[in-house]
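Have a look at the model first, then read on.

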Amino acid sequence: MTDTTRAPEAAGEAAEHPAPPDTVRPPSQERASLGKDAWLELRARPTVWAAVVTLFLMTAMALAPGILTSLLTEGGDHCDLADSKLGPSAGHPFGFDLQGCDYLAQVIRGTRPSLIAGLAVTAASLLIAVVLGLLCGFYGGWLDALVSRVTDVFFGLPFVLGATVILVAFPDHGLGAMILVLTVLGWTTMTRIMRSQVIALADADYVRAARMLGARPARLMVRHILPNAITPVIVVAMLNVGAVISGEATLDFLGVGLQYPEVSWGLQLNAAQAFVLDHPHLLFFPALFLSATVLSFILLGDAARDAFDPRLK
Amino acid sequence: MWRFVARRLLHALPVLLGTTFLIYTLVFVLPGDPIQGLAGDKPVPPAVLAELRARYHLDDPLWIQYTHYLTGLLTGDLGTTFTGRRVSDLLADRWVVTLQLGLTAWVLEVILGMALGVWAGLRKGKWDDSVVLFGTTLVISVPVFVVGYMAQLVFGVQLGWLPVAGTEEGWPFAFLLPGLVLASFGLAYVARLTRSSLIENLRADYVRTAHSKGLSRRRVVVRHTLRNSLIPVVTFLGLELGGLMAGAIVTEYIFNLPGVGQQLFQSIQLREGPVVVGTTTALVLIFLLANLLVDLLYGLLDPRIRHD
């Protein structure tokens, strides 16, 4: 911000913090903000705690797979083809994979791509959604019309189908390219929600008041509209992380996602498919970790929606 | 009404053009050699490369390339396989299977999903509501291919209730299990959507009015509340047609159903790019047309949308 914006900013500041009204409120009935209220409600739910603990474990596995594999397994780096597809045993609770590597170690190593893809795609989509949603909802006009049509077009491409058709044309892609493709296909829902939120708020009395006090568009959007518009988008973003992780695994499973010798849950499930009947542990463990991660994000998103939506109370 | 239809059609046209253009650009114009990509791991001789570049009009300007591609699509030309067969011929006799599977799944979603949702919504807070909520969350988080293998293992192999794979038993028996697997995600979603929408509407003023004028509970729920609660559900069920198309790839592969999805899966494994691109484009087009149809039906069902 340059110096020229100071004066209206100060005016806006004054509008935001008016002198406290003279109503006397007993201290016991102090009003909590929506955020504090939501936090109190979230804290009381066991499912939220379960989800947080699960995600904490998954994050640890994604950040430091080496430490965890050496802690939890004996000889986790060691693969012997003689052990191929052996089931769970005392020293190796998850058994062995096709190459005779300890499956627990392999499943731990498979955490990182899933988590990175889910978080990176969602963060990028969220950024696009917030910027486009704010600009389109606030200014309207030709920009809004153009972006809405483009959103329609991208919305017309189903997630897995669209990713399949693009990724197959580029066989040598890594995780980065997958994140890019999934973002390209995944930003539309959040953008639509953000836009409709901003449209509803841009006309609100408090925004008009701030505008009349001289707040400039950038300030109106960032300080006044954004904090009130973002909650539903954040909820959808949390649900979206789960959806992206699930989608990434599906693409790996289909053979258009990550390619060997990368290690990921989707690839492990892909390798397991031929041996499901005789060696179900190959399918079970990566599926368990994958589902637990997706479930955690969904539970968090659901809980956040309930906590932040006053209509559901 | 006709003005509404015309407006929807006009609205759909740029989306159709835009989506096909997007697929085309992303596959053929982005950096990287598309011909090499389509050919997979094998090196391409220069003569073949030149021939292929000419066939796909890759040396023309972008808009001419796209026009060629679009006219091809409009005349039903989805490209050719490496062995020279037309992709549309390859798929011709497979559509029936995919259609049977998709419709089975869709009907299961409508009936079971709505029934579960209404049941849970009417018994909000009771134990069976919690069971439905937890069960549907679980189903949503497990990827469809895991659900598929588990269902195959339990119902097909161990219990032996339904055929494990293949279409020998004919419709509907052979399609029940794959249909249920394909429907699982959407079914759970429909149940949750119906539940929350019903709960929200049950608190509305018009429901209280209906109760207070002495209508039976059944009549209030079925005639008044449910009708208004189903609008978001109908929207989802329309969009879901596209989700079923994508899900069919995995389900048809797992249950060995000779449909379009299975062809797509096999082509992906064989790295046969042209077939993958052609088939996927066809599926996306069907998805878009289904959406348009649902949009039109939706306007028919809800006058507020028609006159908007």
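At roughly what angle do the axes of helix α9 and helix α12 of chain A cross? They cross at roughly 125° and come within 12 Å. This is a predicted model, where local features need pLDDT of at least 70, side-chain atom pairs count only at pLDDT 80 or more, and totals for chains, interfaces and linings use all residues. Residues are numbered from 1 along each chain as its sequence is written, while chains are lettered from A and ligands numbered from 1 in the order in which they are written.

**α9 on α12**
- α9(A) covers residues 175–186 and α12(A) covers residues 217–254 (helices are DSSP runs of H or I, at least four residues, numbered from the N terminus).
- On the α9(A) side you'll find M178(A), L182(A) and G186(A), which meet N240(A), V244(A), G247(A) and E248(A) of α12(A) (contact puts C-beta atoms, placed from the backbone, within 7 Å).

**α11 on α12**
- The axes of α11(A), residues 205–212, and α12(A) come within 11 Å and cross at roughly 145°.
- Here Y206(A), V207(A), A210(A) and R211(A) of α11(A) touch L220(A), H224(A) and I225(A) of α12(A).

**Chain A against chain B**
- Chain A puts 35 residues into the contact, and chain B puts in 43.
- α14(A) gives the most to chain A's side, with nine residues.

How values were computed:
Axes fitted to C-alpha atoms, helices over the stretch in contact; angles between N-to-C directions. Helix = DSSP H or I, 4+ residues; strand = E, 2+ residues; numbered from the N terminus. Contact = placed C-beta atoms within 7 Å.
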